[in-house]
Amino acid sequence: MKNVRSTASIACYLVLACLSACLPAAAFGQALAGNDSGPVYGAELQGFDYQYPISYYTFQSQRQELKMAYMDVAPDAGTANGRTAVLLHGKNYCSATWGETIKVLAKAGYRVIAIDQVGFCKSSKPRSYQFSFQQLAKNTNDLLHSLDIHVATIIGHSTGGMLGIRYALTYPRETGQLVLVNPIGLEDWKAKGVPPISVDQWYQRELGTTAERIRTYEKNTYFAGQWRADYDRWVQMLAGMYRGPGKEVVAWNSALLYDMILTQPVVYEFPQLKVRTLLMIGDKDNTAIGKEFAPEDKRSSLGNYPQLARAAVAAIPGAKLVEFPDAGHAPQLQDPDAFHAALLRGMGGF
C-alpha cells in the first residue's frame with residue numbers, strides 16, 4: 001500500500017509539473033482552481049512584486065531553518081528623524097499592503113521596516129511549526145536586532161495588532177510607541193460563543209479559498225458592503241497562492257494561524273501595557289474570527305468595533321483613540337489621506 005501511495009504522489013507531481021511547464025500562468029491557474037482563474041503565485045508568493053526591494057532574515061527556529069521577508073526603507077533624503085517604524089500586517093494581508101504607508105512614513109523621516117511573518121506571504125511556510133504570538137514576537141525582535149534596531153514604533157494592523165500587543169508586553173523597553181490599526185483581539189471570541197474549531201476544520205475551509213470568496217468576505221466584513229477596483233490587487237495577491245501547486249502548505253499554515261488567533265487572546269492583558277498606545281479604528285468594521293461558526297443568536301454581538309474600541313481605550317493605560325466613522329477594517333487603504341494625517345499626528349508627540 002505504501003508503494004501505491006508513493007506512486008500516486010509521484011504521478012500527481014508529474015501532472016502538476018507538466019501543467020506548469022506547458023501552460024501559461026493563467027491557464028495553469030485555471031486548470032488547478034477550476035473557474036477561479038487569475039495570476040498564479042508560489043507558496044512564498046513568488047511572482048508577486050512588492051513596491052520596495054525584499055531582503056530575507058534567515059534564522060533557526062523549532063529545529064528548522066526559516067526565513068522572513070522584509071522591506072527596509074530609508075527615510076527620504078534630508079528628512080531623517082532618527083526613528084524607526086515597524087509595520088506588522090494582518091491575517092489576510094502582506095507587508096506589501098502597507099505600500100502607501102511606507103512612502104508616507106519615509107517622506108516624514110522614518111526608517112521603515114515592513115515584515116512578512118513566518119507562515120505568511122513571502123516568508124517560510126513550515127509544514128510543522130508551533131505558532132504563537134510569543135514566537136512571532138521573538139522572531140520579529142530577533143530580526144530587528146540583526147538590523148541594529150533596539151527601539152521602534154510598532155504599528156500593527158488586524159492580526160498584526162494582536163502581535164503588536166504581544167510584542168509590546170514582551171519588549172516594553174524596545175517599544176517606543178504602539179499603534180493599533182483595527183486590531184483583532186479586542187474581544188475573546190471563545191468566551192462570547194464561538195465554539196471550538198479544530199485545525200483540520202480550518203484546513204478544509206482554507207482549501208476552498210478562491211478570489212471570489214476572499215472578495216465577498218472582505219466586502220461584507222471589512223468594507224461595509226462597498227468595493228473599489230484597487231482592492232482587487234490584494235485579493236489576487238492571496239488567491240494566487242491558492243491557485244498554485246503549493247496551495248496545501250499555504251492552507252495548512254493558514255489553518256495553524258487561525259488556531260493561534262482564536263486560542264491566544266490578548267484582551268485580558270490590556271491593563272499591563274506600559275507603552276504609549278494609539279488606537280486607530282474604522283467604525284464600520286465587523287471582523288470577528290470564527291463568527292461563521294458561532295450560533296446565529298451570538299453573531300450579531302461580535303465585532304462591534306466602536307464599542308470594543310472604547311472598552312480597549314479604557315483598559316489600556318493612557319491610550320488615545322482616533323476613529324474613522326465611514327471606514328471599515330483597513331482605513332489605511334480605504335481613506336489613506338485621513339488615515340496618514342492622523343497617523344503622523346499621533347506619532348509626532350514621541
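Predicted model: local features only at pLDDT ≥ 70, side-chain atom pairs only at ≥ 80, totals over all residues.
Colleague: Why can helix 5 be called largely enclosed by the rest of the structure?
Modeller: Helix 5 runs over residues 159–170 and has 12 residues, reaching 17 Å from its first C-alpha to its last, which is close to the 16 Å expected. Its buried residues are Thr159, Gly160, Gly161, Met162, Leu163, Gly164, Ile165, Arg166, Tyr167 and Ala168. Helix 5 is therefore largely enclosed by the rest of the structure, the number of its residues that are buried being 10 of the 12.

Colleague: What covers the buried residues of helix 5?
Modeller: The cover comes from both strands and helices, and among the strands are strand 3 (84–88), strand 5 (152–157) and strand 6 (175–181). The helices that take part include helix 4 (133–146) and helix 9 (247–263).

Colleague: In what order do the strands of the open sheet of eight strands stand, and which strands are at its edges?
Modeller: The sheet has mixed pairing, and its strands follow the order 1-2-4-3-5-6-7-8. The two strands at the edges each have a single partner strand, so one side of each is left without a neighbour in the sheet, and these are strand 1 (55–61) and strand 8 (320–324). From one strand to the next, the twist averages 20 degrees.

Colleague: Which residue in strand 4 stands opposite Asp72?
Modeller: Strand 2, which covers residues 64–73, pairs with strand 4 in the antiparallel sense over four bridges. The residue in strand 4 that stands opposite Asp72 is Ile113.

Colleague: How is strand 5 paired with strand 3 and with strand 6, and which residues are buried on its two faces?
Modeller: Strand 5 pairs in the parallel sense with strand 3 over four bridges, and with strand 6, also in the parallel sense, over six bridges. Leu88 stands opposite Gly156 in strand 5, while Thr153 stands opposite Gln177 in strand 6. Six of the six residues of strand 5 are buried, with Ala152, Ile154 and Gly156 on one side and Thr153, Ile155 and His157 on the other.

Colleague: At about what angle does helix 4 run to strand 1?
Modeller: Helix 4 lies across several strands, namely strand 1, strand 2, strand 3 and strand 4. Relative to strand 1, helix 4 runs at about 125 degrees.

Colleague: Which residues are linked with Glu206 in a network of salt bridges?
Modeller: Glu206 is buried at 4% relative accessibility, and its salt bridge with Arg205 has the closest N and O atoms 2.6 Å apart. Glu206 also meets the side chain of Arg213 in a salt bridge of 3.4 Å, N to O. Arg205 is buried, with a relative accessible area of 18%, whereas Arg213 counts as partly exposed at 32%. The residues linked with Glu206 in the network are Arg205, Arg213 and Glu292.

Colleague: Where in the chain are Arg215 and Asp232, and how many residues apart are they?
Modeller: Arg215 forms a salt bridge with Asp232, their closest N and O atoms being 2.7 Å apart. This pair links distant parts of the chain, with Arg215 in helix 7 (residues 211–222) and Asp232 in helix 8 (residues 232–239), at a separation of 17 residues.

Methods: Residues numbered from 1 in each chain as written. Heavy atoms only, no water. Expected span 1.5 Å × (residues − 1). Buried < 20%, exposed > 50% of the residue type's maximum accessible area, 1.4 Å probe, protein only. Contact = heavy atoms within 4.5 Å. Pairing = 2+ DSSP bridges. Axes fitted to C-alpha atoms, helices over the stretch in contact; angles between N-to-C directions. Salt bridge = Lys/Arg side-chain N within 4 Å of Asp/Glu carboxyl O.
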